[in-house]
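Subject: The structure for you to look at

Hi,

Here is the structure I promised to pass on. Please open it alongside this note, and my findings follow below.

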Amino acid sequence: MYAIVRAGGRQEKVAVGDVLTVDKVAGAPGDAVDLVPLLLVDGTDVTSAADALAKVSVAAEIVEATKGPKIIIQKYKNKTGYKKRQGHRQPLTTIKITGITK
């Protein structure tokens, strides 16, 4: 059984036991998080209706808070002496899927 969930502005395919990295989720390591299911596949049975998905629950546990890779932003204007260097690291959260219930 697996589900497609909305996690951090993207859609992710998850099954029980999967560990994935998503955009920052509020909470401390060990806290439980519920994800919004968009599709549920159980063998040959596919559930995509909104009223049926309202009964489905996808539970996850926060493993750790991390940061993404360093992204360097450089701006330069020729002949004016203008240079600007800036960096960014996106805050991320690693979560583990603990259960999918119908």
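Leaving aside neighbours within four places in sequence, Thr94 is in contact with Val19, Leu20, Thr21, Glu61, Ile62, Val63, Glu64 and Thr66, where contact means heavy atoms within 4.5 Å. Thr94 belongs to strand S9 (residues 91–101); strands here are DSSP runs of E with at least two residues, helices are runs of H or I with at least four, and both are numbered from the N terminus. With a relative accessible area of 9%, Thr94 is buried. For that term the limits are under 20% relative accessible area for buried, over 50% for exposed and in between for partly exposed, with a 1.4 Å probe and protein chains only.

A word on the basis of all this: the model is predicted, so local features need pLDDT of at least 70 and side-chain atom pairs count only at pLDDT 80 or more, while totals for chains, interfaces and linings use all residues. Residues are numbered from 1 along each chain as its sequence is written, and side-chain values use heavy atoms, with hydrogens and water left out.

Thr93 also sits in strand S9, and it counts as buried at 2% relative accessibility. A polar atom of the Thr93 side chain lies 3.0 Å from the backbone nitrogen of Val25. That is a polar contact, meaning a pair of N or O atoms within 3.5 Å; within protein, one must be able to donate a hydrogen and the other to accept it, and residues adjacent in sequence count only if both atoms are side-chain atoms. Not counting residues up to four places away in sequence, Thr93 touches a set of residues including Leu20, Val22, Lys24, Val25, Ile62 and Ala65.

Now to the other end of the chain. Val5 lies in strand S1 and is buried, at 0% relative accessibility. Val5 and Thr94 are 89 residues apart along the chain, and their C-alpha atoms are separated by 15 Å. Beyond four places in sequence, the residues that Val5 touches include Arg10, Val14, Leu35, Leu38 and Val58.

Which strands does S1 pair with in the antiparallel sense over 5 bridges? One is strand S4 (residues 32–42), paired with S1 (residues 2–7), and another is strand S2 (residues 10–14); two strands pair if DSSP finds at least two bridges between them. Val5 has a bridge partner on each: Pro37 in S4 and Glu12 in S2. The hairpin of S1 and S2 has 2 residues between the strands, and Gly8 takes a positive phi near 65° there.

The pairing carries on through S4 and S6, which are antiparallel over 4 bridges, with Leu35 opposite Val58 in S6. S6 in turn is joined to S9 by 10 bridges, again antiparallel, and Ser57 stands opposite Thr101 in S9.

Next, the nonpolar core, defined as a set of buried Ala, Val, Leu, Ile, Met, Phe, Trp, Tyr and Cys residues joined through side-chain atoms within 4.5 Å. The largest one has 17 residues, of which Ala3, Val14, Leu35, Val58, Ile95 and Ile97 touch the most other members. At least two residues of this core come from each of S1, strand S3 (19–23), S4, strand S6 (57–67) and S9. Val14 touches Tyr2, Ala3, Val5, Leu20, Val58, Ile97 and Ile100, not counting residues up to four places away in sequence.

Most residues other than glycine have a negative phi. Lys79 is in the loop between strand S7 (71–77) and strand S8 (82–88), and it is exposed, with a relative accessible area of 79%.

Finally, His88 is placed in strand S8 and is partly exposed, at 36% relative accessible area. Its side chain makes a polar contact of 3.0 Å with the side chain of Gln90. Leaving aside neighbours within four places in sequence, His88 is in contact with Pro69, Lys70, Ile71 and Ile73.

Happy browsing, and best wishes
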